[in-house]
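Q: Please show me how to read a few features of a model, one at a time.

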Amino acid sequence: FAVMPNIDDIFADQGPAFAPVPDRLEIVAGKVVATMNKPSAAQKRFNTLMARIDAEQTQAAIMRHAVDTHGMLHRQAVHELTQRSQQLVKSMLLLLDARIQAPGKPQGLTANQKQQAIRMVLGLCDQLADAPDDEVQAVYQRYAETDDEEDEAEQARLKAQELMESYLGEDFAQGQEFDSPEAVLRAAMAFEQKKFQAQQEKRNAKRAARRAEKGPTARERAAQQKDLDAQNALRTVFRQLASALHPDREPDEALRKQKTALMSEVNAAYERKDLNALLRIQLQAEMADASKAAQLSEARLKAMCDLLAEQLRALEADNLHLCRALHFEFGYLPSPRFDEAAFLAVLQAERSSLQDDLAHMQKELEQVQDDKMLKTWLKDQARLSKQRASYDPDFAMDLDDLLHAMMRRR
């Protein structure tokens with residue numbers, strides 16, 4: 001197809017210094033804009049909207065390309081690093097299990113050291129819970145009954161459920177059985193959200209019923225007419241394109257194939273209400289005749305601007321959602337304009353961090369092969385656990401505090 005002309009400024013000033021040239025087509029909805037000394041406010045808005053839609057579409061294409069290329073390679077690399085990490089975790093788990101089960105000897109583990117090693121083993125089993133393994137499961141079953149934390153977890157679960165029942169009523173559980181305090185809290189949040197939505201729907205239904213009795217307001221009628229005008233403008237562009245590009249009316253085989261392809265694009269753009277794409281297809285099809293310039297009415301132009309504004313809002317919302325997805329999956333902070341170099345730096349930083357963790361795990365695994373180093377390592381792990389409980393609010397948070405925090409965020 002022919003290269004699309006530059007239409008960044010369809011309604012640019014004209015005059016003796018701006019005499020039209022053959023390759024400059026100033027087209028809107030199948031019509032060439034007449035010579036003007038100054039563009040109107042609607043024409044300026046039209047140009048601005050077209051430019052912003054172009055920018056948002058370009059931004060979306062760049063982000064999706066980055067995810068499809070760099071993101072795919074990054075996922076594969078992280079998967080491989082994670083697999084290696086799980087292998088090291090399992091090796092450490094099996095080594096600790098063997099040392100715990102080893103016959104007592106003068107240089108063996110003390111009772112306290114064995115208890116600390118058992119806690120470490122159970123923690124490592126939790127890390128491998130998402131990847132079931134017969135050996136890991138066997139080790140877990142060997143120590144699960146000796147873990148006092150299970151009783152503590154059950155007490156915490158019962159406390160959470162009792163608290164939720166007193167706050168929300170006994171029916172909040174909806175017949176569910178919970179295996180952790182977190183599961184109780186999630187169910188409570190879901191119950192509250194469902195109740196809130198039901199109340200909101202009830203209020204909306206009452207509001208809609210009152211509106212139905214009164215009829216639409218002047219503002220609502222104006223909005224409905226504005227939407228109708230925009231849809232009519234879109235339909236007009238579509239019909240003009242459909243009439244000009246209908247392949248059955250084209251005797252030339254090559255042109256018929258070209259028009260068939262363009263008509264397919266037209267139908268797709270019309271289905272998604274993409275006025276911007278329809279206008280550009282017009283330029284691509286070179287349908288305008290600069291010798292038959294005709295001014296587009298202001299009313300029709302304003303309707304088209306409304307439709308373009310709606311399309312721009314949808315594109316901005318899609319791009320915002322995509323930015324949030326990039327932040328959620330890759331840790332890339334949203335910014336006004338996507339920076340591929342910054343995105344790559346974030347991905348590299350994550351992989352480097354995982355590689356550093358692997359190197360640290362490998363070093364620890366080598367160190368604990370020695371009895372003396374193993375005892376030192378167990379002592380260090382017990383100290384780190386106490387420090388975390390002392391300084392990490394989330395780690396030591398009481399159930400009531402956790403409930404209060406979650407309810408505050410609701």
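Q: Is Cys125 buried or exposed?
A: Buried means under 20% relative accessible area, exposed over 50%, and partly exposed in between (1.4 Å probe, protein chains only). Cys125 has 6% relative accessibility, so it counts as buried. Cys305, at 1%, is buried too. This is a predicted model, in which local features need pLDDT of at least 70 and side-chain atom pairs pLDDT 80 or more, while totals for chains, interfaces and linings use all residues. Residues are numbered from 1 along each chain as its sequence is written, and side-chain values use heavy atoms, with hydrogens and water left out.

Q: How many disulfides does a search of the whole structure find?
A: A disulfide is a pair of cysteine sulfur atoms within 2.5 Å. The search finds 0.

Q: How are two packed helices described?
A: By the angle between their axes and the distance between the axes. Helices (H or I, at least four residues) are DSSP runs, numbered from the N terminus. Axes are lines fitted to C-alpha atoms over the stretch in contact, and angles run from 0 to 180 degrees between N-to-C directions. Helix α1 (residues 41-101) and helix α9 (residues 298-330) pack at about 25°, with axes 9 Å apart. That makes α1 roughly parallel to α9, a term for angles under 35 degrees.

Q: What span should helix α5 (residues 181-214) have?
A: The expected span is 1.5 Å times one less than the number of residues. For the 34 residues of α5 it is 50 Å, and the end C-alpha atoms are 50 Å apart, which agrees. Among the buried residues of α5 are Pro181, Phe191 and Glu192. Just after α5, Gly215 takes a positive phi of about 85°.

Conventions:
Helix = DSSP H or I, 4+ residues; strand = E, 2+ residues; numbered from the N terminus. Parallel < 35°, antiparallel > 145°, perpendicular 65-115°, else oblique.
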